Amino acid sequence: MMNVFMGFCGLVLLIIIFNIKLVSQSQAVIIERLGAYYKTWNVGLHVKVPFIDRYVNRVSLKEKVLDFPPQPVITKDNVTMMIDTVVYFQITDPKLYTYGVEKPINALENLSATTLRNIIGELELDQTLTSRDVINTKMRSILDEATDPWGIKVNRVEVKNIIPPDAIREAMEKQMRAERERREQILIAEGHKQSAILEAEGKKQAMILEAQAQKEARILSAEADKEAAVKRAQGEAEAIVEVQNAKAEGIKLLRNAQPDDAVIKLRSLEAFERVGEGQSTKIIIPSEIQSMTGLVSSLSEVVKK
């Protein structure tokens, strides 16, 4: 009897141990009791009633990334292309996620594909290629609103890749090459233009500088000539003053010496002797000198010379 009791206690203990569950961080467990929703277990230690409660779903509350394969879409101008999208979502209500929709991930994938087709169908090819932000915003808003009853929060939607048809890609490449060549020609023309402008400006500046240099040179030359003329005039004036001073000094000395008539006559003869050495053909003799003794002999010597 004791062994049966011990066995029963051991069985109960094992049942209790197997029904103790530990829920980790960022997870939630859905529990049903007698086939109906009973409770959502969050992080911590929990005990389930055996044979009455059962685990339905263990849900991760972390943000998840769902990378869909490229979806064929048709633009407003009837161009078929492949678009690859990525959806970032998070389960905010484990109960709604468990009971809201069958296979929530598949439902989200199909909803993303149909939403993408609807958005691209309103855009032309050029708008589709240049409006990724618009597409991302519209898709996130529509998916977030549609997945609220499923307990899903769509945080972001990103258009990963847009693959147009081969013919469109070739046309776009040709257009880009033509655009690059056009920009290159414009840049070359702008470069030639700027070079010509700079060259003309350089010549203009050089001519201005040369004219200024010539003007300054003329001014400096004129000032130098003026200064030289002033100095020359000053020198001549000083020379005249010196000569006049010398003459005055000679006259003064002559007066101080008080020469007699013989000395004066002798100096006069010396002066006429110097006159005779010149080119003049006519000589006027003062009356004072005509009476001098030996005048004829002096004149003879002058003529001989």
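This is a predicted model: local features need pLDDT of at least 70, side-chain atom pairs count only at pLDDT 80 or more; totals for chains, interfaces and linings use all residues.
Residues are numbered from 1 along each chain as its sequence is written, and side-chain values use heavy atoms, with hydrogens and water left out. Local features need pLDDT of at least 70 and side-chain atom pairs count only at pLDDT 80 or more, whereas totals for chains, interfaces and linings use all residues.

Met139 also belongs to the largest nonpolar core, which has 28 residues. Such a core is a set of buried Ala, Val, Leu, Ile, Met, Phe, Trp, Tyr and Cys residues joined through side-chain atoms within 4.5 Å; buried means under 20% relative accessible area with a 1.4 Å probe, protein chains only. Met81, Ile83, Val87, Leu116, Ile135, Met139 and Leu143 touch the most other members. Two or more residues come from each of β8 (80-91), α3 (104-120), α5 (132-146) and β9 (152-163), and α3 gives the most, with six. Helices (H or I, at least four residues) and strands (E, at least two) are DSSP runs, numbered from the N terminus.

Turning to strand β2 (residues 27-33), five of its seven residues are buried, so the strand is largely enclosed by the rest of the structure. Strands pair if DSSP finds at least two bridges between them. β2 pairs with β5 (residues 53-60) in the antiparallel sense over seven bridges, and Arg33 stands opposite Asp53 in β5. β2 also pairs in the antiparallel sense with β3 (residues 36-41), over five bridges, with Ile31 opposite Lys39 in β3. The β2 and β3 hairpin has two residues between the strands, and Leu34 takes a positive phi near 55 degrees there.

Notes: Buried means under 20% relative accessible area, exposed over 50%, partly exposed in between (1.4 Å probe, protein chains only).
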